[in-house]
Amino acid sequence: MKSKKKVVVLLSAGLDSTINAFEALKHHHEIVLALTFNYGQRAATKEIESAGKIAAYLKIPHKVVELPWFKDFNKSSLLVEDQKVPTGSQVKIDDLQTSAETAKSVWVPNRNGIFLNIAAAYAEALGADAVIPGFNAEEAATFPDNSKEFLDQATKALWYSTSNHVTVGCYTAHLTKKDIVRLGQGLKVPWELIWPCYFSGDQWCGQCESCLRSKRAFQSAGIDVKSFFKE
């Protein structure tokens, strides 16, 4: 991405989206809006709170978009209270077959496709050139809507649906979580502000797939984040 673009970032307050917001500013882009989506996910309260703090820290405008109709999809354990989110021994982040199965449980129908289209509409309205989500190569193995291929195809589609041909770019789509943490260290990201957990609570649960991937990434970088996790 060329410098000095106007961009809209998707900010869930997770590891990937937070790093992308910091990277966008490092590349001298103007973030005209940071969007956080409330689609009824279990972590909505903490994601919104944390994203607000990150936006304030970065001094960028922040908006929460309410999507209550996601409940109509009624499929994902992230949305349906009587379905259990895989945790602990049910999650094997180094086992591709198991990860593919747990991914089915937390999959939200067309979530990233919907998010990118909404963000692109805001980008067009605000005269922004690009939308920046937070994706990573590690999860792209089981979540195809995290992949570079998906980003490329989204850009092709938006060429037709936005008058200013909004593009989709991501600084971390080719990186693992370990790489992303190391990148964040260089950017001096205040880790206490992020929220990578599938649940809302006082601390990260430490047992869901997102927490386990984040925990491993921080440990590999020699960063002590024990205080962030629930005992």
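Predicted model: local features only at pLDDT ≥ 70, side-chain atom pairs only at ≥ 80, totals over all residues.
Begin by selecting residues 148–161, which form helix α6. At 1.5 Å a residue, its 14 residues should span 20 Å, and because the end C-alpha atoms are 20 Å apart, the model agrees with that expectation. Within this helix, show the side chains of L151, A154 and L158, which are buried; they cover an arc of only 60 degrees around the axis, so they lie on the same side of α6. Then turn to the face of α6 directed away from the buried side, where the exposed residues E149, K156 and Y160 are found.

Next, select helix α7, residues 177–186, and colour its buried residues K177, I180, V181 and G184. They cover an arc of only 100 degrees around the axis, which puts them on the same side of α7. Displaying α1 (15–26), α5 (137–140) and α8 (209–220) brings up the elements against which the buried residues of α7 pack. After the helix comes K188, whose phi is positive, near 60 degrees.

Finally, look for the cavity: the structure holds 1 of 30 Å³ or more, and the volume of the largest cavity is about 650 Å³. Its lining comprises 33 residues, and selecting S12, Y39, E47, R111 and G134 shows those nearest the centre. The elements that each give two or more residues to this lining are α1, β2 (30–38), α4 and α8. By residue class, the lining of the largest cavity divides into 17 nonpolar, 10 polar and 6 charged residues.

Terms used: Residues numbered from 1 in each chain as written. Heavy atoms only, no water. Helix = DSSP H or I, 4+ residues; strand = E, 2+ residues; numbered from the N terminus. Expected span 1.5 Å × (residues − 1). Buried < 20%, exposed > 50% of the residue type's maximum accessible area, 1.4 Å probe, protein only. Arc of directions from axis to C-beta. Contact = heavy atoms within 4.5 Å. 1 Å grid on protein atoms, 1.4 Å probe; cavity = no way out; pocket = protein on both sides within 12 Å on 5 of 7 lines; lining within 4 Å. Points joined across faces, edges and corners; volume = space filled by probe spheres on them. Nonpolar A, V, L, I, M, F, W, Y, C, P; charged D, E, K, R; others polar.
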